[in-house]
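Take your time with each exercise, and try it yourself before you look at the solution.

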Amino acid sequence: MKKSSKTSLLLVCTATMATLAGGSASAEMRTISATDQFTWISAGQTSTTNGAPLVVKVKKGDVVTIQVSKDSGGHGWVTLKGPGNQNPDEDRSRVVACGEKPKAPTANDQTKPAVLREIGCTDKPSNFGQEFIGSFQLEVLDNFQEDVNFWCVVHLSGMWGRLTLEP
Ligand SMILES: [Cu+2]
(Lines give C-alpha, C1' and ligand atoms only; values in the text may rest on other atoms or scores of the structure.)
Protein backbone atom coordinates (compact mmCIF):
# COMPACT_ATOMS: atom_id res chain seq x y z
CA MET A 1 0.00 0.00 0.00
CA LYS A 2 2.71 2.41 1.02
CA LYS A 3 4.82 1.45 -1.94
CA SER A 4 2.03 1.94 -4.47
CA SER A 5 1.16 5.43 -3.19
CA LYS A 6 4.79 6.44 -3.55
CA THR A 7 4.82 5.09 -7.06
CA SER A 8 1.72 7.02 -8.08
CA LEU A 9 3.15 10.21 -6.57
CA LEU A 10 6.27 9.71 -8.66
CA LEU A 11 4.14 9.22 -11.74
CA VAL A 12 2.21 12.43 -11.06
CA CYS A 13 5.47 14.35 -10.59
CA THR A 14 6.93 12.96 -13.78
CA ALA A 15 3.77 13.80 -15.73
CA THR A 16 3.79 17.36 -14.34
CA MET A 17 7.43 17.89 -15.28
CA ALA A 18 6.77 16.56 -18.76
CA THR A 19 3.84 18.97 -19.15
CA LEU A 20 5.94 21.93 -18.02
CA ALA A 21 8.79 20.98 -20.30
CA GLY A 22 6.42 20.53 -23.24
CA GLY A 23 4.77 23.89 -22.59
CA SER A 24 7.99 25.84 -22.34
CA ALA A 25 9.49 24.41 -25.51
CA SER A 26 7.38 26.57 -27.82
CA ALA A 27 6.36 29.32 -25.39
CA GLU A 28 8.05 32.65 -25.84
CA MET A 29 8.72 35.69 -23.72
CA ARG A 30 7.13 38.92 -24.96
CA THR A 31 7.95 42.25 -23.40
CA ILE A 32 5.76 45.34 -23.55
CA SER A 33 7.46 48.48 -22.26
CA ALA A 34 6.13 51.95 -21.52
CA THR A 35 8.32 54.80 -22.78
CA ASP A 36 8.82 58.41 -21.69
CA GLN A 37 7.22 59.34 -25.03
CA PHE A 38 3.85 58.00 -23.78
CA THR A 39 3.98 54.96 -26.03
CA TRP A 40 4.09 51.19 -25.62
CA ILE A 41 6.88 49.37 -27.43
CA SER A 42 7.47 45.67 -28.11
CA ALA A 43 9.90 43.93 -30.46
CA GLY A 44 10.38 46.98 -32.69
CA GLN A 45 6.66 47.86 -32.80
CA THR A 46 5.19 50.92 -31.13
CA SER A 47 1.90 52.60 -30.34
CA THR A 48 1.45 56.27 -31.22
CA THR A 49 0.00 59.08 -29.12
CA ASN A 50 -2.49 59.90 -31.88
CA GLY A 51 -4.24 56.58 -31.56
CA ALA A 52 -2.39 53.74 -33.28
CA PRO A 53 -2.28 50.67 -31.04
CA LEU A 54 0.74 48.51 -30.28
CA VAL A 55 -0.15 45.08 -31.66
CA VAL A 56 1.55 42.13 -29.96
CA LYS A 57 1.13 38.61 -31.30
CA VAL A 58 0.98 35.90 -28.67
CA LYS A 59 0.65 32.14 -28.47
CA LYS A 60 -0.87 30.02 -25.75
CA GLY A 61 1.72 29.50 -23.03
CA ASP A 62 3.65 32.67 -23.85
CA VAL A 63 4.67 34.93 -20.98
CA VAL A 64 4.10 38.65 -21.47
CA THR A 65 6.11 41.01 -19.29
CA ILE A 66 4.68 44.50 -18.76
CA GLN A 67 7.47 46.89 -17.92
CA VAL A 68 7.41 50.48 -16.65
CA SER A 69 10.83 51.92 -15.93
CA LYS A 70 11.45 54.65 -13.40
CA ASP A 71 12.36 57.22 -16.07
CA SER A 72 9.30 56.52 -18.23
CA GLY A 73 7.24 58.71 -15.94
CA GLY A 74 4.64 56.33 -14.52
CA HIS A 75 2.12 54.28 -16.45
CA GLY A 76 -0.24 51.40 -15.83
CA TRP A 77 -1.70 48.51 -17.81
CA VAL A 78 -5.30 47.33 -17.82
CA THR A 79 -7.49 45.26 -20.14
CA LEU A 80 -10.54 46.70 -21.92
CA LYS A 81 -14.00 45.70 -23.16
CA GLY A 82 -13.16 46.93 -26.67
CA PRO A 83 -10.55 48.76 -28.77
CA GLY A 84 -8.91 51.69 -26.98
CA ASN A 85 -10.07 54.21 -29.60
CA GLN A 86 -13.75 53.33 -29.07
CA ASN A 87 -14.15 54.74 -25.56
CA PRO A 88 -14.20 51.29 -23.91
CA ASP A 89 -14.75 50.43 -20.28
CA GLU A 90 -12.05 48.55 -18.43
CA ASP A 91 -12.53 44.80 -18.29
CA ARG A 92 -10.34 43.39 -15.54
CA SER A 93 -12.06 40.00 -15.80
CA ARG A 94 -9.72 39.08 -18.69
CA VAL A 95 -6.87 38.69 -16.17
CA VAL A 96 -6.54 36.59 -13.05
CA ALA A 97 -4.27 38.87 -11.05
CA CYS A 98 -2.09 37.77 -8.16
CA GLY A 99 -4.23 37.10 -5.11
CA GLU A 100 -7.43 36.64 -7.15
CA LYS A 101 -9.42 33.51 -7.87
CA PRO A 102 -10.89 33.00 -11.35
CA LYS A 103 -14.48 34.24 -11.33
CA ALA A 104 -17.11 31.57 -11.88
CA PRO A 105 -19.42 32.85 -14.62
CA THR A 106 -23.12 33.12 -13.80
CA ALA A 107 -26.08 32.85 -16.16
CA ASN A 108 -26.62 36.61 -16.54
CA ASP A 109 -22.96 37.53 -16.24
CA GLN A 110 -21.75 39.78 -19.07
CA THR A 111 -18.09 39.32 -18.20
CA LYS A 112 -15.84 37.09 -20.23
CA PRO A 113 -13.56 34.45 -18.76
CA ALA A 114 -9.97 35.26 -17.93
CA VAL A 115 -7.52 34.47 -20.73
CA LEU A 116 -4.39 35.77 -18.99
CA ARG A 117 -3.00 34.84 -15.60
CA GLU A 118 -0.50 36.85 -13.62
CA ILE A 119 2.47 34.72 -12.60
CA GLY A 120 5.49 35.16 -10.36
CA CYS A 121 3.22 36.30 -7.55
CA THR A 122 4.96 37.40 -4.37
CA ASP A 123 3.71 38.97 -1.17
CA LYS A 124 3.47 42.37 -2.77
CA PRO A 125 0.15 43.39 -4.33
CA SER A 126 -0.40 43.05 -8.07
CA ASN A 127 0.58 45.92 -10.38
CA PHE A 128 -2.20 45.03 -12.81
CA GLY A 129 -4.72 47.82 -13.39
CA GLN A 130 -2.94 50.66 -11.64
CA GLU A 131 -0.13 53.16 -12.15
CA PHE A 132 3.17 51.57 -11.14
CA ILE A 133 6.92 51.46 -11.60
CA GLY A 134 8.41 48.01 -12.17
CA SER A 135 7.03 45.00 -13.98
CA PHE A 136 4.61 42.11 -13.84
CA GLN A 137 4.14 38.98 -15.91
CA LEU A 138 1.10 37.41 -17.56
CA GLU A 139 0.80 33.89 -18.90
CA VAL A 140 -1.35 33.43 -22.01
CA LEU A 141 -3.91 30.77 -21.06
CA ASP A 142 -5.17 27.95 -23.29
CA ASN A 143 -8.56 29.61 -23.80
CA PHE A 144 -7.06 32.80 -25.28
CA GLN A 145 -8.81 33.25 -28.61
CA GLU A 146 -10.15 36.69 -29.49
CA ASP A 147 -8.09 39.88 -29.23
CA VAL A 148 -7.51 41.42 -25.83
CA ASN A 149 -7.27 45.21 -25.87
CA PHE A 150 -5.42 47.19 -23.24
CA TRP A 151 -4.43 50.73 -22.44
CA CYS A 152 -2.42 52.76 -20.00
CA VAL A 153 -4.55 53.70 -16.98
CA VAL A 154 -3.01 57.20 -17.08
CA HIS A 155 -2.91 58.01 -20.82
CA LEU A 156 -5.92 55.96 -21.97
CA SER A 157 -6.71 56.14 -25.71
CA GLY A 158 -3.42 57.95 -26.37
CA MET A 159 -1.55 54.85 -25.25
CA TRP A 160 -3.29 51.58 -26.09
CA GLY A 161 -2.66 48.25 -27.70
CA ARG A 162 -3.89 44.76 -28.44
CA LEU A 163 -2.83 41.20 -27.81
CA THR A 164 -3.77 39.01 -30.72
CA LEU A 165 -3.41 35.26 -31.17
CA GLU A 166 -0.66 34.30 -33.60
CA PRO A 167 -2.15 32.21 -36.40
CU1 LIG B 1 0.91 55.92 -19.86
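This is a predicted model: local features need pLDDT of at least 70, side-chain atom pairs count only at pLDDT 80 or more; totals for chains, interfaces and linings use all residues.

Residues are numbered from 1 along each chain as its sequence is written.

**Exercise 1.** Find how many helices and strands the protein has.

Solution. Begin with the terms: helices (H or I, at least four residues) and strands (E, at least two) are DSSP runs, numbered from the N terminus. With these, the protein has 1 helix and 13 strands.

**Exercise 2.** Work out the strand order in the open sheet, and explain which strands stand at its edges.

Solution. Strands pair if DSSP finds at least two bridges between them. The open sheet has 7 strands in the order 3-2-1-5-11-9-8, with mixed pairing. Strand 3 (45-46) and strand 8 (95-96) each have a single partner strand, so one side of each lacks a neighbour in the sheet. Elsewhere, strand 1 (residues 29-34) pairs with strand 5 (residues 63-68) in the parallel sense, over 6 bridges. There, arginine 30 stands opposite valine 64.

**Exercise 3.** Decide whether leucine 54 is buried or exposed.

Solution. First locate leucine 54 in strand 4 (residues 54-58). Next, recall the cut-offs: 20 or more other C-beta atoms within 10 Å means buried, 12 or fewer exposed, and in between partly exposed, with C-beta atoms placed from the backbone. Leucine 54 has 22, so leucine 54 is buried. Finally, look along the chain: arginine 162 is 108 residues apart from leucine 54 in sequence, yet 6.2 Å apart in space, C-alpha to C-alpha.
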